[in-house]
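Let's walk through this chain together, starting with its overall build and ending at its surface.

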Amino acid sequence: MLFNELSPLVQEFLQQPTAFLGGFVSGLLGLDLQEDPLKSWLERQTSTQSPPPSSPPPTSGPQRIAID
(Lines give C-alpha, C1' and ligand atoms only; values in the text may rest on other atoms or scores of the structure.)
Protein backbone atom coordinates (compact mmCIF):
# COMPACT_ATOMS: atom_id res chain seq x y z
CA MET A 1 0.00 0.00 0.00
CA LEU A 2 2.73 2.47 0.94
CA PHE A 3 4.78 1.45 -2.09
CA ASN A 4 1.91 2.30 -4.46
CA GLU A 5 1.63 5.78 -2.96
CA LEU A 6 5.36 6.51 -3.12
CA SER A 7 6.07 5.05 -6.58
CA PRO A 8 5.16 8.27 -8.51
CA LEU A 9 7.59 10.24 -6.35
CA VAL A 10 10.37 7.73 -6.93
CA GLN A 11 9.75 7.73 -10.69
CA GLU A 12 9.94 11.53 -10.88
CA PHE A 13 13.10 11.54 -8.79
CA LEU A 14 14.78 9.00 -11.05
CA GLN A 15 13.80 10.85 -14.24
CA GLN A 16 14.89 14.35 -13.17
CA PRO A 17 16.72 14.28 -9.84
CA THR A 18 17.95 17.89 -9.94
CA ALA A 19 14.56 19.40 -10.73
CA PHE A 20 12.82 17.13 -8.23
CA LEU A 21 15.18 18.00 -5.39
CA GLY A 22 14.99 21.69 -6.28
CA GLY A 23 11.22 21.62 -6.11
CA PHE A 24 11.24 19.59 -2.92
CA VAL A 25 13.66 21.96 -1.15
CA SER A 26 11.78 25.04 -2.37
CA GLY A 27 8.59 23.54 -0.98
CA LEU A 28 10.21 22.87 2.37
CA LEU A 29 11.58 26.42 2.55
CA GLY A 30 8.30 27.96 1.35
CA LEU A 31 9.85 29.65 -1.70
CA ASP A 32 7.61 31.04 -4.43
CA LEU A 33 8.24 29.38 -7.81
CA GLN A 34 7.05 32.49 -9.67
CA GLU A 35 9.80 34.78 -8.33
CA ASP A 36 13.36 35.17 -9.56
CA PRO A 37 15.95 33.63 -9.26
CA LEU A 38 14.02 30.39 -8.79
CA LYS A 39 11.75 31.06 -11.79
CA SER A 40 14.64 31.64 -14.19
CA TRP A 41 16.44 28.54 -12.89
CA LEU A 42 13.34 26.41 -13.46
CA GLU A 43 12.97 27.78 -16.99
CA ARG A 44 16.59 26.87 -17.78
CA GLN A 45 16.10 23.37 -16.35
CA THR A 46 12.98 22.70 -18.39
CA SER A 47 14.51 24.05 -21.59
CA THR A 48 17.53 21.73 -21.27
CA GLN A 49 15.31 18.73 -20.54
CA SER A 50 13.10 19.15 -23.62
CA PRO A 51 13.98 17.17 -26.76
CA PRO A 52 15.55 19.09 -29.63
CA PRO A 53 13.20 20.21 -32.41
CA SER A 54 12.95 17.76 -35.26
CA SER A 55 14.27 18.88 -38.61
CA PRO A 56 12.84 17.78 -41.95
CA PRO A 57 14.59 14.85 -43.56
CA PRO A 58 17.36 15.82 -45.98
CA THR A 59 16.51 15.61 -49.66
CA SER A 60 18.85 15.14 -52.56
CA GLY A 61 18.75 17.15 -55.74
CA PRO A 62 16.74 20.22 -56.69
CA GLN A 63 13.24 20.78 -55.41
CA ARG A 64 10.25 22.07 -57.33
CA ILE A 65 8.37 25.07 -55.94
CA ALA A 66 5.22 26.85 -57.12
CA ILE A 67 5.03 30.64 -57.16
CA ASP A 68 1.61 32.29 -57.39
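## Overall build

The protein chain holds three helices and zero strands, and from the N terminus on the order reads α-α-α. Helices (H or I, at least four residues) and strands (E, at least two) are DSSP runs, numbered from the N terminus.

Keep in mind that this is a predicted model, where local features need pLDDT of at least 70, side-chain atom pairs count only at pLDDT 80 or more, and totals for chains, interfaces and linings use all residues. Residues are numbered from 1 along each chain as its sequence is written, and side-chain values use heavy atoms, with hydrogens and water left out.

## Confidence

The predictor's confidence in each residue is called pLDDT and goes from 0 to 100. Across the protein chain it averages 75, and 75% of the residues score at least 70. Helix H1 (residues 2-15) has the highest confidence, at 82, while helix H3 (residues 38-49) has the lowest, at a mean of 71.

Of the 68 residues in the protein chain, 4% are buried. Buried means under 20% relative accessible area, exposed means over 50%, and partly exposed is in between (1.4 Å probe, protein chains only).

The accessible surface of the protein chain is about 6,500 Å², and carbon and sulfur atoms account for 62% of that. These areas come from the Shrake-Rupley method with a 1.4 Å probe; for residues, only the protein chains shown count as cover.

## Helix H1 and Phe 13

Phe 13 sits in helix H1.
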